[in-house]
Amino acid sequence: TRAITLGQYGFVSGLYDISATLNALGDINSANNQYAVKTAIDTFWESFEGNVFPPDGWSVNFGIRDDVNFDTPVDGEYYYVSSSDNNYFGIVTDTIYTPLLDIKSGDRFRFYIKTAPPTPQNLSLVWKNGTTGEVTFIQTIANNPGMNTWALRDYDISSAAGTNYIGIVATSNSYGESKYDLFTSDAKLHLDDRDLKILDGDMYFMAKQNVSEKFECKIRNNGKLPVLGSNYTLKLMEAPNTEIASVSGVDLGSWEESTITINHTFTEISQKRLFFKIEYSADQNLANNTFRETSVSVVPNTVEISEMGSPDIQNNNMPFTAGGNTNTLGEDDMSQMLFYNNEFMSPGYVYGLAYKYDNVRASDNVTHYPLKVWISQIPEANLDNGWLPEEQLTLVFDGVIDILPGYNRDLFIPFNQPVLINGIENVVIKCYQYDPEWPPSIFRIYSTNGVSGPTRSIAVTDVFNLDPNDTSIGFNSFSDISYTRLV
């Protein structure tokens, strides 16, 4: 992917339909050569049509963006769906907050809402103090009396005057759902004079020992004024607060973005928790000067990655699920998968394994899942005999994994010690996920597309107080496997 800057243009306040067209000689597929977007300039207007969700500056807790395949929006192709619940596992609430607004007395806040009597929510309009974070109730938002009808809500937000956020809080006594679209207001988006923001600081899960690795960080000047690169520093940090490396910044105009690279060589095999940090003394908003921590495993520079299977489909059940089941009152999962010795690039030591997943939950929260992983090597070419006994398994991971928001994510599970794969026998990997954090993520791990063949996977999901050492537990059998990479 490469970003191309076409230039700058001075817009006046209002809404604009902006499009870009690519003219590529010999392109055999011109259908994807145009992109169009509606952009608000100095005007508060949002209908969730951008290529990023949540939109810049917005925050959500437990909601998703749906499109025209599920319902008809008020504007464009997308709308927001807020979900809440109160069940055996716990309480789920959702709050959607606007970006920081400059609100004055007499300003109005408008949006379209769709609710239904079978799934009502308790809805409140609130404002959050832009400095202290204190939340104050404005008024109750009424549910719709009918089914499948969008209704306009228009509220006075004078009580929130100042530089603050406007939010909608949703709770319910059982499962509840509301849909929202086309938010507008007389209030203006707040911009500081000086404000640098880290947009993306995700890192690859692996770094090789004694090899110079590139760590890329995408930043933006959110302020009204230009910033000289000599006035700030980008740092690569190790948690909790140790600087590893740093580089000087680059010059940025207002709302200009740039990707900055920090090179660093790790000399010891270890597990790291890394993050980026902007050091800018004039910054008026320090809250966006860091990015969440990422687990990075430093491995020998001779390691190879063996891929088993392919990322054909999303699987709800293997190697474990995202949450619990109110019918079984269980939330524990267990699976075993068989990998053939000829699927490995070569015998040798394995330092961990990686899955790939999508997480449709749009909040920026990291969800934590306790997990145990075992490994075994067996001559059998199938799992028809069921669960392996405890004495045949070696525990290689006993900890907590992080499920991040977003799509095409890597979940790397580092082994507590390297495991020697002999290259003769087949390999079995057993996963036991239990007592997940509530509310959960909504993730799906990629797997092969099921075809007929020997039993390569067995699994049991959403069990109440599952005993991972009980080999008498029944299971479901599958011929497909999770897309797995062994490092």
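Phenylalanine 320 and phenylalanine 443 are both buried, and they make a handy way into this predicted model. Let's start with the rings, then turn to a lysine and the cysteines.

A pair of aromatic rings is described by the distance of the centres and the angle of the planes. Searching the whole structure turns up 25 aromatic pairs. Take phenylalanine 48 and phenylalanine 53: their ring centres are 5.9 Å apart and the planes meet at 70°, so this pair counts as edge-to-face, given that the cut-off for that label is over 60 degrees. Phenylalanine 48 is buried, with a relative accessible area of 1%.

Back to phenylalanine 320 and phenylalanine 443, which also pair edge-to-face, at 6.1 Å from centre to centre and with 70° between the planes. Where do these two sit in the chain? Phenylalanine 320 is in the loop between β25 (313-315) and β26 (332-339), while phenylalanine 443 belongs to strand β32 (residues 443-447), so their contact ties together parts 123 residues apart in sequence.

Now for lysine 128. Its charged end sits over the ring of tyrosine 97, 4.3 Å from the ring centre. Lysine 128 also lies over the face of tyrosine 165, this time at 5.0 Å from the centre of the ring.

And the cysteines? The whole-structure search comes back with zero disulfides. Cysteine 217 is buried at 0% relative accessible area, and cysteine 431 is buried at 1%.

How values were computed: Residues are numbered from 1 along each chain as its sequence is written. This is a predicted model: local features need pLDDT of at least 70, side-chain atom pairs count only at pLDDT 80 or more; totals for chains, interfaces and linings use all residues. Side-chain values use heavy atoms; hydrogens and water are left out. Rings of Phe, Tyr and Trp (its six-membered ring) pair if their centres lie within 6.5 Å; planes under 30 degrees apart count as stacked, over 60 as edge-to-face and the rest as tilted. Buried means under 20% relative accessible area, exposed over 50%, partly exposed in between (1.4 Å probe, protein chains only). Helices (H or I, at least four residues) and strands (E, at least two) are DSSP runs, numbered from the N terminus. A charge sits over a ring if NZ of Lys or CZ of Arg is within 6 Å of the ring centre and within 35 degrees of the ring normal. A disulfide is a pair of cysteine sulfur atoms within 2.5 Å.
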